[in-house]
Amino acid sequence: MTGTKSSSNTVHVIGAGLAGSEAAWQLAEAGVDVVLHEMRPDRMTEAHRTATPAELVCSNSFRSDDAANNAVGLLHAEMRRLGSLIMRAADANQVPAGGALAVDREGFSAAVAAALNGHPRIELRRGEITGLPPSDWDNVIIATGPLTSQPLAEAIRDLTDETALAFFDAIAPIVHRDTIDMSKAWFQSRYDKVGPGGTGADYINCPMTKDQYDTFVAALLAGEKTDFKDWETNTPYFDGCLPIEVMAERGHETLRHGPMKPVGLTNPHNPTVKPHAIVQLRQDNKLGTLYNMVGFQTKLKYGPQQQIFRTIPGLENAEFARLGGLHRNTFLNSPKLLDAQLRLRAQPRLRFAGQMTGCEGYVESASIGLIAGLYAAAEARGTGLSPPPATTALGALLGHITGGHIETIDGATRSFQPMNINFGLFPPLAVAPTRKPDGSRLKGNEKTVAKKQALSARALADLDGWIAEHLRVAAAA
């Protein structure tokens, strides 16, 4: 929508990534006028290529969609219950990916953009916010993400008197499907697992012998890497998105126990020989013409990337639609700086959302945008909103960000680090399940599976109760 919002109850959302787009949508759906600010294309980032809202700059996967057994799948389900725009666009643009929910990245972002542009309560305003928002903006959500522009980041740092924490995040290469040699590679998901829109054969697998693997690891370690700027040299990586060569530096066998693990797969070209390592590629667009190299985020320079990755069997003649890259991420010391409703303690008119708060992952970022939007909408209406139960995925992640992580060990305070949603963030069950529905005892891994399923069932029941008690009452008001 174009035009100028002028109501005193207008909420300003800065940043039209996944978190900002979701926050704006939740506000508008709650009947609140929104101005959504996006600096692209006036000013681009190191990672973005378009000016489209909710552009996916790394993987195209939203990870597992299994709501019963996986914490991120549970978060998917919770967001759907809360009317998430991001999940609606993801569901409408999914591509096969085994047990994961992966999307056609261009179709996904276009769907988010169309919804935002078509909403009568949302104005998308282009241009960079180069410092703190104007003082007459009394309800603001800052969702500028890990690539927050330097002027705004410096203004926030000056306001909080905090040294911003930062880490590096790397991007995996994308290969043209028709340049992969399928006489050496094959289609199969690990353990033939069937996921949303998939068949159980959704990944392209490239096998390696021990000699090929040894040569590959040596080349990774020797390959020329991207140089860091002086101010970047002490920035830690996030362990969930390590460059593949950094993983290799941690030990010769590390990759075989990570993205190149040779388990759950059988090479139909040579079924009696177990590969020493396997490289997987996952469909990256709906047409199936592009595949990204799973777990192959990298800081190698472009020349070495092509040379080294073409030593992988099946990729000898690979053509790359995009090579890997590296960008700097920034996040807040949120447990110290933010209150329980994601407001900056030093200036409560400013609320933060998304990856900048210290969550990690597309879905997690969007979910924090979702709850920030709900909080801001309640504030604009002059009503309150209790936080979602800590037993839910959304509540557990929010608890991590707003204080659950602060601990002292031997008198020292632990540093706050980004986190994906996981069952370790959930309050324990009052009583752990011990028996199956038929009354027989659970054994071994069955106990772990039953525990996850019980945590998920509790979460969805508690979320439904919270929605009924708080959001429906708020909507009626």
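In strand 12, N205 finds its bridge partner in Q280. Strands here are DSSP runs of E with at least two residues, helices are runs of H or I with at least four, and both are numbered from the N terminus. Before going on, a word on the ground rules: this is a predicted model, where local features need pLDDT of at least 70 and side-chain atom pairs count only at pLDDT 80 or more, while totals for chains, interfaces and linings use all residues. Residues are numbered from 1 along each chain as its sequence is written, and side-chain values use heavy atoms, with hydrogens and water left out.

**Around strand 11**

Back to the strands. Strand 11 and strand 12 run antiparallel and are joined by 6 bridges; two strands pair if DSSP finds at least two bridges between them. Strand 10 (residues 186–187) also pairs with strand 11, again in the antiparallel sense, over 2 bridges. There, W186 has N205 in strand 11 as its bridge partner.

Strand 11 (residues 203–208) is mostly covered, with 6 of its 6 residues buried. Buried means under 20% relative accessible area, exposed means over 50%, and partly exposed is in between (1.4 Å probe, protein chains only). Y203, N205 and P207 point one way from the strand, I204, C206 and M208 point the other way, and all are buried.

Where does N267 sit? Its place is in the loop between helix 7 (244–249) and strand 12 (277–283). N267 is buried, at a relative accessible area of 9%. If you set aside neighbours within four places in sequence, N267 is in contact with W186 and P207, where contact means heavy atoms within 4.5 Å. The side chain of N267 also reaches the backbone nitrogen of H269 at 2.9 Å. That falls under the polar contact rule: a pair of N or O atoms within 3.5 Å, where within protein one must be able to donate a hydrogen and the other to accept it, and residues adjacent in sequence count only if both atoms are side-chain atoms.

**Cysteines**

How many disulfides does a search of the whole structure find? The search turns up 0 disulfides. C206 is in no disulfide, and the nearest cysteine sulfur, that of C58, is 19 Å away. The cut-off for a disulfide is a pair of cysteine sulfur atoms within 2.5 Å. C206 counts as buried at 0% relative accessibility, and C58 counts as buried too, at 12%.

**Other strand pairings**

Strand 17 (residues 347–352) is mostly covered, with 5 of its 6 residues buried. A hairpin joins strand 16 to strand 17 through 2 residues. Elsewhere, an open sheet of 3 strands has the order 3-5-4, with antiparallel pairing. Its edge strands are strand 3 (61–64) and strand 4 (94–95), each pairing on one side only. Here are some pairings from these two regions:

| Strands | Sense | Bridges |
|---|---|---|
| Strand 7 (residues 140–142) and strand 17 | parallel | 3 bridges |
| Strand 16 (residues 343–344) and strand 17 | antiparallel | 2 bridges |
| Strand 3 and strand 5 (residues 100–103) | antiparallel | 2 bridges |

As for who faces whom, I141 stands opposite R351 in strand 17, and L344 stands opposite Q347 in strand 17.

**A spot in helix 12**

A454 has its place in helix 12 (residues 445–476). Is A454 buried or partly exposed? At 25% relative accessibility, A454 counts as partly exposed. Not counting residues up to four places away in sequence, A454 touches L429 and P433. A454 and T45 are 409 residues apart in sequence and 42 Å apart in space, C-alpha to C-alpha.

**The whole chain**

Zooming out, the chain has 12 helices and 19 strands. Of its 477 residues, 56% count as buried. Among contacts between residues at least 6 apart in sequence, 72% join residues at least 24 apart. The C-alpha trace spans about 70 × 60 × 50 Å along its principal axes.

With 477 residues, a compact globule would have a radius of gyration near 23 Å, and the chain's 23 Å agrees. That radius is taken over C-alpha atoms, and the globule rule is 2.2 Å times the number of residues to the power 0.38. The chain exposes about 19800 Å², with carbon and sulfur atoms supplying 51% of it; accessible areas come from the Shrake-Rupley method with a 1.4 Å probe, and for residues only the protein chains shown count as cover.
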